[in-house]
Amino acid sequence: MILKHLKKQTAILHQETEQDNLAKYILDHSITTEQYKALLKQNYKAYATIYGLIKQNIGQIPINLLDFADDKKVMDLELDLNQVDATIPEIDIDASKPLSTAEILGILYVVEGSMMGGLLIRKNLESCSNLKHIGKHHFFGKNPPEILNRWKSFTAAVESKAYSEAEMDAAVIGANSAFSVFKDAYEA
């Protein structure tokens, strides 16, 4: 129930965030190497910022969600950036405001959900002639069953608990803050 609530309450910001995403050039197969580098940098900024916040608040994460608080996506983006000879962006994390457990749940919802969207990107990468020289895509090259199983595990872990109205509202705040991090990275 909380996941449906999150999806509904964040739909507008989610849509606005996607408008500036360079991944649209992967979907139409026109992306250049420079656009791809920029896309990787934007994603690195967003994911590294989010995982920095999560790391600062690791004690607030319930045990059943700890597996989803890893920095594997950041490491994969570093591999991809190194592979295309791009500099890894500097990250400035404002950890002055502690996050609640529900806010972290909302943030994780956005991060885990983003990987589902990554499946569509992955499917179109091989049709991008300007990226044929790239041997392996680490971030966008994930195995679909692995992504789907991770999402199923995440949703099961989240829905295994009942949430108060205040927790659901706090989760929306967390999700919106994550979407804002992505939106800021994509607009930069």
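Which residues have the most contacts inside the largest nonpolar core?

1. The structure is a predicted model. Its largest nonpolar core contains 60 residues, and those with the most contacts inside this core are Ile2, Leu6, Tyr36, Tyr47 and Leu65. At least two core residues come from each of the following helices: H1 (2-19), H3 (33-56), H4 (72-83), H5, H6 (144-159) and H7. As general background, nonpolar side chains tend to be buried together in soluble globular proteins.

2. Tyr36, one of the core residues with the most contacts, may be inspected through its partners. When neighbours within four places in sequence are left aside, Tyr36 is in contact with Ile26, Ile31, Asp80, Val84, Leu125, Leu131, Ile134, His137 and Phe140.

3. The packing of H5 against H7 is the next point. A pair of packed helices is described by the angle between the axes and the distance between the axes. The axes of H5 (residues 101-125) and H7 (residues 165-187) come within 6 Å and cross at roughly 45°. H5 is therefore oblique to H7, and the crossing of the two helices is right-handed.

4. On the H5 side, the contact with H7 involves Ala102, Glu103, Leu105, Gly106, Ile107, Tyr109 and Val110. These residues meet Glu167, Ala170, Ala171, Ile173, Gly174, Ala175, Ser177, Ala178, Phe179 and Phe182 of H7. By class, the residues of this contact divide into 12 nonpolar, 3 polar and 2 charged.

5. Glu103 lies in H5 and takes part in the contact with H7. Is Glu103 buried or exposed? Its relative accessible area is 10%, so Glu103 counts as buried, the limit being under 20%. Apart from residues up to four places away in sequence, Glu103 touches Lys97, Pro98, Ala170, Ala171, Ile173 and Gly174.

6. H5 also packs against H6, at an angle of about 155° and with the axes 10 Å apart. Because angles over 145 degrees count as roughly antiparallel, H5 is roughly antiparallel to H6. The crossing of H5 and H6 is left-handed.

7. H5 contributes Leu105, Leu108, Tyr109, Glu112, Gly113, Met115, Met116, Leu119 and Arg122 to the contact with H6. From H6 come Pro144, Ile147, Leu148, Arg150, Trp151, Phe154 and Val158. The residues of the contact of H5 with H6 comprise 12 nonpolar, 1 polar and 3 charged.

8. Ser114 is also found in H5. With a relative accessibility of 24%, Ser114 counts as partly exposed. Ser114 and Ile147 are 33 residues apart along the chain, and their C-alpha atoms are separated by 10 Å.

9. Two backbone values should be noted. Most residues other than glycine have a negative phi. His29 has a phi near 65°, which is positive in a residue other than glycine. His29 lies in the loop between H2 (24-27) and H3, and its relative accessibility of 31% makes it partly exposed.

10. Asp85, likewise a residue other than glycine, has a positive phi, near 55°. Where is Asp85 placed? Asp85 is in the loop between H4 and H5. At a relative accessibility of 69%, Asp85 counts as exposed.

Definitions and conventions:
Residues numbered from 1 in each chain as written. Predicted model: local features only at pLDDT ≥ 70, side-chain atom pairs only at ≥ 80, totals over all residues. Heavy atoms only, no water. Axes fitted to C-alpha atoms, helices over the stretch in contact; angles between N-to-C directions. Helix = DSSP H or I, 4+ residues; strand = E, 2+ residues; numbered from the N terminus. Parallel < 35°, antiparallel > 145°, perpendicular 65-115°, else oblique. Left-handed = near helix turned anticlockwise from the far one by under 90°. Contact = heavy atoms within 4.5 Å. Nonpolar A, V, L, I, M, F, W, Y, C, P; charged D, E, K, R; others polar. Buried < 20%, exposed > 50% of the residue type's maximum accessible area, 1.4 Å probe, protein only. Core = buried A, V, L, I, M, F, W, Y, C linked by side-chain atoms within 4.5 Å.
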